[in-house]
Amino acid sequence: MIKVVIAEDDFRIAQVQEQFLQKVTDVELVGKALNAKETLELLSKHEVDLLLLDIYMPDELGTELLPKIRENHPLVDIIMVTAATERMMLEKAVKYGVFNYLLKPVTMKKFVETIEDYKRKKKLLSAAEDVDQIMIDRYFGSMNQSAAIQKDLPTGVDRHTLDKVKDVVKKLKGVSIDEMSEELGVSRTTARRYLEYLVLIDVCVAKHDYGIVGRPQRKYYLLE
């Protein structure tokens with residue numbers, strides 16, 4: 001569940017953003033702030049994943065909040081939602097690593113697409129134990145899923161084996177690396193390579209199974 005705070009001095013716009021958020025699954029609004037002071041208070045009181053931050057706040061510019069947020073809440077991601085079209089505002093936002101910069105008025109389509117993109121990238125990072133160039137390209141938008149599946153299979157992954165791996169995951173309704181290795185008669189390294197690739201292209205999701213005594217086991221499931 002993505003926990004979100006809206007920092008917007010116009011309560012009507014904040015209400016619209018709240019309505020837009022309701023169109024996105026697995027997102028929870030934990031608070032709305034009307035000024036910079038309330039924004040910092042909400043970030044201190046709640047566990048927040050994403051802050052939707054306006055620039056023109058009544059007590060302090062949103063861009064002036066960025067270094068404070070980065071210092072005190074470094075794990076909070078930020079999307080600017082603002083009417084500010086000055087280049088220096090965008091440059092400062094980029095300097096402090098904002099995820100995106102939306103100009104008002106924001107359509108529901110654009111707003112929802114941006115939040116869904118944020119969710120996708122957050123899931124992509126959390127699902128991978130290690131990164132490779134395929135994952136990095138997907139994160140930064142230079143490769144889409146269909147291209148990855150149809151054409152740009154990485155070295156060490158062939159289409160026929162990939163299809164067999166997907167069939168096993170589907171048949172067993174979730175599989176570990178050891179189980180995949182046994183089912184296909186391949187090494188654990190090969191089984192892991194294929195399963196992690198399916199995670200990277202959003203075909204599978206990896207979860208830790210805590211039902212077994214000892215170290216939790218990483219298992220792979222098809223995304224519905």
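Two aromatic pairs are present in the structure, a pair being two rings of Phe, Tyr or Trp (its six-membered ring) with centres within 6.5 Å, classed as stacked if the planes are under 30 degrees apart, edge-to-face if over 60 and tilted for the rest. The model is predicted, so that local features need pLDDT of at least 70 and side-chain atom pairs count only at pLDDT 80 or more, whereas totals for chains, interfaces and linings use all residues. Residues are numbered from 1 along each chain as its sequence is written, and side-chain values use heavy atoms, with hydrogens and water left out.

The pair of F20 and F111 is tilted, with 5.4 Å from centre to centre and 55° between the planes. Distant parts of the chain are linked by this pair, since F20 belongs to helix α1 (residues 11–21) and F111 to helix α5 (residues 108–127), 91 residues apart. Helices (H or I, at least four residues) and strands (E, at least two) are DSSP runs numbered from the N terminus. Both F20 and F111 are buried, where buried means under 20% relative accessible area, exposed over 50% and partly exposed in between (1.4 Å probe, protein chains only).

The pair of F99 and Y118 is edge-to-face, because the ring centres are 5.3 Å apart and the planes stand at 85°. F99 is in the loop between α4 (87–95) and β5 (100–103), while Y118 is in helix α5, so the pair ties together parts 19 residues apart in sequence. Y118 is buried, its relative accessible area being 2%.

Charges also sit over rings, a term that requires NZ of Lys or CZ of Arg within 6 Å of the ring centre and within 35 degrees of the ring normal. R12 lies over the face of F11 at 5.9 Å from the ring centre, and K207 over the face of Y221 at 5.7 Å.

Helix α8 (residues 159–172) and helix α9 (residues 177–184) have axes that come within 11 Å and cross at roughly 115°. Contact, defined as heavy atoms within 4.5 Å, is made by K164, V165, V168, V169, K171 and L172 of α8 and by M180, E183 and L184 of α9. Of these residues, six are nonpolar, none is polar and three are charged.

Overall, the protein chain holds ten helices and eight strands, and its C-alpha trace spans about 65 × 40 × 30 Å along the principal axes. Buried residues make up 42% of the 224 residues.

Methods:
Axes fitted to C-alpha atoms, helices over the stretch in contact; angles between N-to-C directions. Nonpolar A, V, L, I, M, F, W, Y, C, P; charged D, E, K, R; others polar.
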